[in-house]
Every structure is written in C-alpha cells, then in structure tokens.
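Hello,

Here is the structure I promised to pass on to you. Have a look at it first, and then read on for what turned up.

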Amino acid sequence: MADLQALAGPSAGPDGGQLYIDGFTAGELPPKSSIREIRINQNPFSAEYDKLGYGRIEVFTKPGTDKYHGQLNVVGNDSSFNSRNPFLGSAEQTPYDSVIYQGNFGGPITKKIVLLL
C-alpha cells in the first residue's frame with residue numbers, strides 16, 4: 001500500500017492518497033491474485049470524480065474464477081477471559097460464552113456463469 005501511495009503522489013486532502021476498491025472507499029487492499037487492474041491519477045480533474053483526483057488509487061478486482069474456493073472462520077469467547085462486574089463487589093462473574101461461525105464459498109456454475117456467495 002505504501003508503494004501505491006508513493007506512486008500516486010500528493011493528494012488534495014490531509015489524509016494522503018485515497019484508495020478505491022471497485023468504486024468504494026475504506027477497504028483493505030485485496031490479495032494480488034484477485035486484482036485485475038490498478039489505476040493511479042488518470043485525470044485528476046475528470047468530471048466522473050466527486051473530488052479532485054490527486055492521490056487517487058483505484059483497484060479493480062477480477063469478477064470471478066473458474067475454480068471453487070471458500071473460507072471458514074470460527075471466532076469464540078470463553079468466560080475465563082471475562083472480567084468480573086465491579087458493581088457487584090466480590091460476587092462471582094456471570095458466565096458468558098460465545099462462538100460465531102462464518103464462511104463463504106464461490107466458484108463457477110457453468111463456464112459462463114460464476115457463483116459468489
């Protein structure tokens with residue numbers, strides 16, 4: 001990301017270069033394997049932009065793939081990591097455990113249609 005901001009040069013605002021991923025701001029730089037194109041400062045005064053385009057970094061990702069791929073995440077919280085309630089005095093802590101499962105799967109349906117969930 002630092003290399004891209006150096007290539008983009010100075011920006012119009014105090015925060016440095018603005019990163020746009022598929023037209024949206026406030027995202028993380030995707031992995032190299034999913035990047036289709038990177039554009040830097042094409043025309044800072046173009047009417048298509050809502051602000052001056054100095055320091056603009058546009059990243060376009062690939063629309064799909066012909067391979068199946070997926071990801072599974074498990075996030076958990078055990079009550080042994082919880083602090084006690086300071087308003088209850090020396091009373092025991094209330095048990096609270098949580099487990100969150102997340103996942104995604106994507107790939108081709110046919111040669112011309114790609115499924116993204």
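Y68 is exposed, at 57% relative accessible area (the classes are buried under 20%, exposed over 50% and partly exposed in between, with a 1.4 Å probe and protein chains only). Please keep in mind that this is a predicted model, in which local features need pLDDT of at least 70, side-chain atom pairs count only at pLDDT 80 or more, and totals for chains, interfaces and linings use all residues. Residues are numbered from 1 along each chain as its sequence is written, and side-chain values use heavy atoms, with hydrogens and water left out.

Back to the tyrosine. The structure holds one aromatic pair, and Y68 and F105 form that pair, stacked with 5.9 Å from centre to centre and 15° between the planes. Rings of Phe, Tyr and Trp (its six-membered ring) pair if their centres lie within 6.5 Å; planes under 30 degrees apart count as stacked, over 60 as edge-to-face and the rest as tilted. Helices (H or I, at least four residues) and strands (E, at least two) are DSSP runs, numbered from the N terminus. F105 itself is partly exposed, at 41% relative accessibility.

Now to the sheet. Three strands make up an open sheet with mixed pairing, in the order β1-β3-β2; two strands pair if DSSP finds at least two bridges between them. The edges are β1 (18–21) and β2 (35–40), each with a single partner strand, so one side of each has no neighbour in the sheet. From one strand to the next, the twist averages 15° (axes are lines fitted to C-alpha atoms, for helices over the stretch in contact, and angles run from 0 to 180 degrees between N-to-C directions). β2 and β3 (residues 56–61) run antiparallel and are joined by five bridges. I40 has I57 in β3 as its bridge partner.

Two more spots may be worth a click. P95 sits in the loop between β4 and β5 and is exposed, with a relative accessible area of 69%. Its C-alpha atom is 8.6 Å from that of D78, 17 residues apart along the chain. A2 lies in helix α1 (residues 2–8) and counts as exposed at 59% relative accessibility. Between the C-alpha atoms of A2 and G17, 15 residues apart along the chain, the separation is 9.8 Å.

Best wishes
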